[in-house]
Amino acid sequence: MKAPRALWRALRGGLHVLRGLWTIRNTLPGLSQPQVELLLREWTRHMLHILGVELVVQGTPPAQGPLLQVANHISWLDILVMNGARPSRFVSKSDAQHWPVLGALISGAGTLYIERSSRRDAMRMVHHMAERLTLGDILSVFPEGTTGDGSALLPFHANLLQAAIAAKAPVLPVALRFVDRRTGQPHPAPVFVGETTLIASIWSVLMADGLQAVVHYGDPQHDQGRERRVWAEDLRAEIERLLQQQQA
């Protein structure tokens, strides 16, 4: 029965995506920022429900910015899961905007795109992020720079933390896990690494049973004079601690 259920989820998800695209084009321009965030959160939570993903939030989601969230990166689902917990503007690699359908959705949600192979573009993004933080935005980044399989954290890139230092904004560590709700063990369905295509990963999620997404918020930190590379290592260690706390 998994395949028919997956196809039903895909149909419902496709219709929900079309509704989202229509909303982005016709409704969002006339709304205030709090209204946009509420609409985005509710749309995202409904999409997670359609996909069969149960959202679990641990810790305290941020109430307002300026704030930079840093999280580990496992899947294309990460953006949906974090927006379901608390919407924010994401900084994402530039090729994400070309993903079929999903690219249009995350672009409409205000995603900022960076060309990760270009040092000049990284500097441009740091300045842009600092401006958005100064205006009170909540931004989110994945400092690993790519997805991992969830078994261990990859090294953190520190460049984008300079935006928080420049804007004197706090940084909030966020730990993400996908688990089987029955066993509490890591669930392989959302993992998006190696040669796995986006379509194959989406189908794996559509076929999954008992998929639970856990978003664990830590405590916000200020740089306290730390150089960005040192701060990145400290944030990585804190996210590792939060992940181990979930597994205890």
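The legends below describe a predicted model.

**Figure 1. Overview of the protein chain, with its eight helices and seven strands.** The radius of gyration is 17 Å, close to the 18 Å that the globule rule gives for 248 residues, so the chain is as compact as a globular protein of that length. Along the principal axes, the C-alpha trace spans about 55 × 45 × 35 Å. Buried residues make up 49% of the 248 in the chain. Of the contacts between residues at least 6 apart in sequence, 76% join residues at least 24 apart. The chain carries 25 positive and 21 negative side chains, and the centres of these two sets are 5 Å apart.

**Figure 2. The aromatic pair of F90 and F142.** A search of the whole structure finds one aromatic pair. This pair, formed by F90 and F142, is stacked, with 5.8 Å from centre to centre and 25 degrees between the planes.

**Figure 3. The cis peptide bond between G65 and P66.** The bond from G65 to P66 is cis, and its omega is near 5 degrees. P66 lies in the loop between strands β1 (53-58) and β2 (67-71).

**Figure 4. Helix α3, residues 77-85.** How many of the nine residues of this helix are buried? Nine of the nine are buried, and the helix is mostly covered. Among the buried residues of α3 are L77, I79, L80, V81 and M82. The buried residues of α3 also include D78, N83, G84 and A85.

**Figure 5. S94 and the residues it touches.** S94 is placed in the loop between β3 and α4 (102-108). Its relative accessibility is 17%, so S94 counts as buried. Which residues does S94 contact, leaving aside its neighbours within four places in sequence? They are Y113, I114 and E115. The C-alpha atoms of S94 and Y113 are separated by 4.9 Å, although the two residues are 19 apart along the chain.

**Figure 6. K168, a residue with positive phi.** Phi of K168 is near 55 degrees, a positive value in a residue other than glycine. K168 is found in the loop between α6 and β6 (171-180). With a relative accessibility of 69%, K168 counts as exposed, because the cut-off for an exposed residue is over 50%.

**Figure 7. Q224, a residue with positive phi.** Q224 is not a glycine, yet its phi is positive, at about 50 degrees. The loop that holds Q224 runs between β7 (211-217) and α8 (228-247). The relative accessible area of Q224 is 71%, and the residue is exposed.

Key: Residues are numbered from 1 along each chain as its sequence is written. This is a predicted model: local features need pLDDT of at least 70, side-chain atom pairs count only at pLDDT 80 or more; totals for chains, interfaces and linings use all residues. Side-chain values use heavy atoms; hydrogens and water are left out. Helices (H or I, at least four residues) and strands (E, at least two) are DSSP runs, numbered from the N terminus. The radius of gyration is taken over C-alpha atoms; the globule rule is 2.2 Å times the number of residues to the power 0.38. Buried means under 20% relative accessible area, exposed over 50%, partly exposed in between (1.4 Å probe, protein chains only). Contact means heavy atoms within 4.5 Å. Lys and Arg count as positive and Asp and Glu as negative; His and the chain ends are not counted. The place of a charge is taken as NZ of Lys, CZ of Arg, CG of Asp or CD of Glu. Rings of Phe, Tyr and Trp (its six-membered ring) pair if their centres lie within 6.5 Å; planes under 30 degrees apart count as stacked, over 60 as edge-to-face and the rest as tilted.
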